[in-house]
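Have a look at the structure, then read on.

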Amino acid sequence: MDNTLYVETQYHDLQVPIRLDCGRDLHSVRVAYETYGNLSPERDNVILVCHALSGDAHAAGVSTSPQGAGTRDGFAAEDRDGSAGKALGWWDGMIGPGKAFDTDEYFVVCTNLLGGCRGTTGPSSIDPATGKPYGSDFPVITVADMVRTERALLDELGIERLAAVAGGSLGGMQALQWAVAYPDQVDNIVVIASTHALHPQGVAWNAIARESIMGDPAWQGGHYHGTGRAPEAGMGVARMVGHITYLSAPALEDRFARRLQGSDDLRYTITEPEFQVESYLRHQAKSFVRRFDANTYLYLSRALTYFDLGREHGTLRNALKAVQAKTLLIAFSSDWLYPPAASRDIEQALAAEGKAVEFHLIEAPYGHDCFLLEEARQTPIIQRFLRGTAQ
């Protein structure tokens, strides 16, 4: 018997404009989303799963209409997934019957972010005012704008309250924003490998990635759609930079060391990769360029660097005062981009306000990508938390 979960992305055109932090109203917003499991008659079993920068709405199961290249193209993805990876959801190991987000019990929803390029309105979408792609005329967005869009979608789907909001990295930022912005509408948040504000080193690496895109002559000020040219070279470098920040030195040493690529000795070449790690990064760049819009990378990268709950509310404690949701924080020992110290800051601020919070540090060597790779170790922690039975 085939137990494979086949899913199809759905699309919803919002009936209301989204008011953005930059002061603009965004009209005619389309949201791509997927659902897994069954909605209870009381509509009280909904978990919203939020994706990271390079993800999309296809979080679980096998897509009936895969979009060319899948989103499971991170560290060791091909070794883990084989040929099924292109059609498989990016968090398939976490969503489904008996998994961390158990679809026998919960109705799980995942949307593509505002500003995305996988079905939700973003810079590559058509601007109704001009009939052409927005390009760099798309308004600058924030994590709060993404969450407002998710709230608007759920409103129009008839879902008022969430049993949980969960996500890793940028997805964890959204979960925090949900608890802060809609405190009486969220029962639990699961914040994995995330932060209340990206550390300066992370801001710097994101700046380098954006500069590599905007410095590519093919970027054309952001209006490259329809010209026959796109900033693929700059986008490839941005992906290389970003991907390295998701990994750790031990992980790179273990997988690649200084092994040569396709030769037993140096070939004395500038243009071709000499080392396996160089070849791997080129592969990652080519794969990413095929499926991701460069402007979307610029906008989402900027949004996650803007996110700073302490700055927005005076202090982190002030930001978390209104939170009513129980909070689960999971961090990974080798993650230097979203370090465990950031999760500790959130834990301490919530505890100081008398809020229910639980923190787990997982010792693992893969860096930030652990939230995608260490599914088996996260699952029992999340299951216990959602059941209300702390370890």
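1. Contact here means heavy atoms within 4.5 Å. On that basis, Val143, Ala144, Met146, Val147, Glu150, Arg151 and Leu154 of α2 meet Leu170, Met173, Gln174, Gln177 and Trp178 of α3. The residues of this contact split into eight nonpolar, two polar and two charged (Ala, Val, Leu, Ile, Met, Phe, Trp, Tyr, Cys and Pro count as nonpolar, Asp, Glu, Lys and Arg as charged, and the others, Gly among them, as polar).

2. Before going further: this is a predicted model, with local features needing pLDDT of at least 70 and side-chain atom pairs pLDDT 80 or more, while totals for chains, interfaces and linings use all residues. Numbering runs from 1 along each chain as its sequence is written, and side-chain values use heavy atoms, leaving out hydrogens and water.

3. How do the two helices cross? The axes of α2 (residues 143-156) and α3 (residues 170-181) come within 9 Å and cross at roughly 70 degrees, so α2 is roughly perpendicular to α3 (65 to 115 degrees). The axes are lines fitted to C-alpha atoms over the stretch in contact, with angles from 0 to 180 degrees between N-to-C directions.

4. Ser28 is worth a glance: not a glycine, yet its phi is positive, about 55 degrees. Ser28 sits in the loop between β4 (25-26) and β5 (30-36) and is exposed at 54% relative accessibility (exposed is over 50%, buried under 20%, with a 1.4 Å probe and protein chains only).

5. Ala193, also not a glycine, has a positive phi of about 45 degrees. Ala193 lies in the loop between β14 (188-192) and α4 (200-214). Buried or exposed? Ala193 is buried, at 1% relative accessible area.

Methods:
Helix = DSSP H or I, 4+ residues; strand = E, 2+ residues; numbered from the N terminus. Parallel < 35°, antiparallel > 145°, perpendicular 65-115°, else oblique.
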